[in-house]
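Colleague: I'm new to this one. Could you walk me through how to read a few of its features?

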Amino acid sequence: MKVLITAGPTLERIDAIRFISNRSSGRMGYAVAEAARDAGCMVVLISGPVTLPVPQGIKVEKVESAAEMAAAVFKHAVDSDVIIMAAAVADYTPKNKSDRKLKKTPGDLTIELERTEDILLTLGNNKPEGQVLVGFAAETENLVKYATGKLQRKNLDWIAANDISASDRGFGADANEITLIGRSGQQINIPLADKKTVARRLLDIILPQ
Ligand code: CTP
């Protein structure tokens, strides 16, 4: 079984030394990749910039921006049995990127941002028969409502919703608690645990038997 996983943040360049990114550590996606490898799957991990070591036995493709992540994902998507989008992909990127360092000028600066492609939405719109597509939703409020909206809008089979309002879990933390929501509305709670344990439980549920 071929499992494609994304992890980490993306980094959107402003100029030669400045960028927009987020606090995703990549640990949840890497833990899912390792658990899938341990379950005997062929794993491809598309990783944004993180400080984690490359896990043994996993093909890792490092990318930087949302556009690079999109290209790498689409290259592998067609023949993947399962795709898990754990990456925190930037929704916006600077419209103009400078190769040089921008010099300051008097007064304020406005940086114009444009939307990036929603990788998961494109995958959902082109999903081959039998492929299992899983998204993540990090929310600070209305967890189930917002996550269910994303599941439906992006034609997913599962969405792993996590509440990021507490600093001890989810985004950038060691542990996580997930509410897994399925296509037919079923909700399965994966209780607070280290990310490796949560990753194993998640795969137990979503991997086709
Ligand atoms: N995602 C993606 N491509 C993007 C943005 C997000 O594939 N350009 C994926 C993420 O990997 C994650 C899911 O979509 O699996 C998150 O859904 P999304 O609606 O984009 O969440 P947010 O970016 O948090 O959006 P919002 O600000 O509306 O909450």
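This is a predicted model: local features need pLDDT of at least 70, side-chain atom pairs count only at pLDDT 80 or more; totals for chains, interfaces and linings use all residues.

Colleague: Let's begin with helix α1. How far apart should the ends of its 12 residues be?

Modeller: You count 1.5 Å a residue, so the 12 residues of α1, residues 27-38, should span 16 Å. The end C-alpha atoms of α1 are 16 Å apart, which agrees.

Colleague: And how many of the 12 residues of α1 are buried?

Modeller: Here buried means under 20% relative accessible area. In α1, 9 of the 12 residues are buried, so the helix is largely enclosed by the rest of the structure. You can find them as Met28, Gly29, Tyr30, Ala31, Val32, Ala33, Glu34, Ala35 and Ala36. Just past the end of α1, look at Gly40, which has a positive phi of about 90°.

Colleague: How do I describe two packed helices?

Modeller: Two packed helices are described by the angle between their axes and the distance between the axes. For α1 and α5 (residues 195-206), the angle is about 55° and the axes are 8 Å apart. That angle makes α1 oblique to α5. The two helices cross in a right-handed way.

Colleague: Which residues of α1 and α5 make the contact?

Modeller: From α1 come Arg27, Met28, Ala31, Val32, Glu34, Ala35 and Ala36, while α5 brings Lys195, Lys196, Val198, Ala199, Arg200 and Leu203. Sorted by class, the contact between α1 and α5 has 8 nonpolar and 5 charged residues, and no polar ones.

Colleague: Now a loop residue. Is Ile14 buried or exposed?

Modeller: Ile14 sits in the loop between β2 and β3. Its relative accessibility is 12%, so Ile14 counts as buried. Leaving aside neighbours within four places in sequence, Ile14 is in contact with Phe19, Ile20, Pro94, Asn96, Lys97, Ser98, Leu102 and Ile111.

Colleague: How far apart are Ile14 and Leu113, in sequence and in space?

Modeller: They are 99 residues apart in sequence, and C-alpha to C-alpha Ile14 and Leu113 are 9.9 Å apart in space.

Methods: Residues are numbered from 1 along each chain as its sequence is written. Side-chain values use heavy atoms; hydrogens and water are left out. Helices (H or I, at least four residues) and strands (E, at least two) are DSSP runs, numbered from the N terminus. The expected span of a helix is 1.5 Å times one less than its number of residues. Buried means under 20% relative accessible area, exposed over 50%, partly exposed in between (1.4 Å probe, protein chains only). Axes are lines fitted to C-alpha atoms, for helices over the stretch in contact, and angles run from 0 to 180 degrees between N-to-C directions. Angles under 35 degrees count as roughly parallel, over 145 as roughly antiparallel, 65 to 115 as roughly perpendicular and the rest as oblique. A crossing is left-handed if the near helix is turned anticlockwise from the far one by less than a right angle, and right-handed if clockwise. Contact means heavy atoms within 4.5 Å. Ala, Val, Leu, Ile, Met, Phe, Trp, Tyr, Cys and Pro count as nonpolar, Asp, Glu, Lys and Arg as charged, and the others, Gly among them, as polar.
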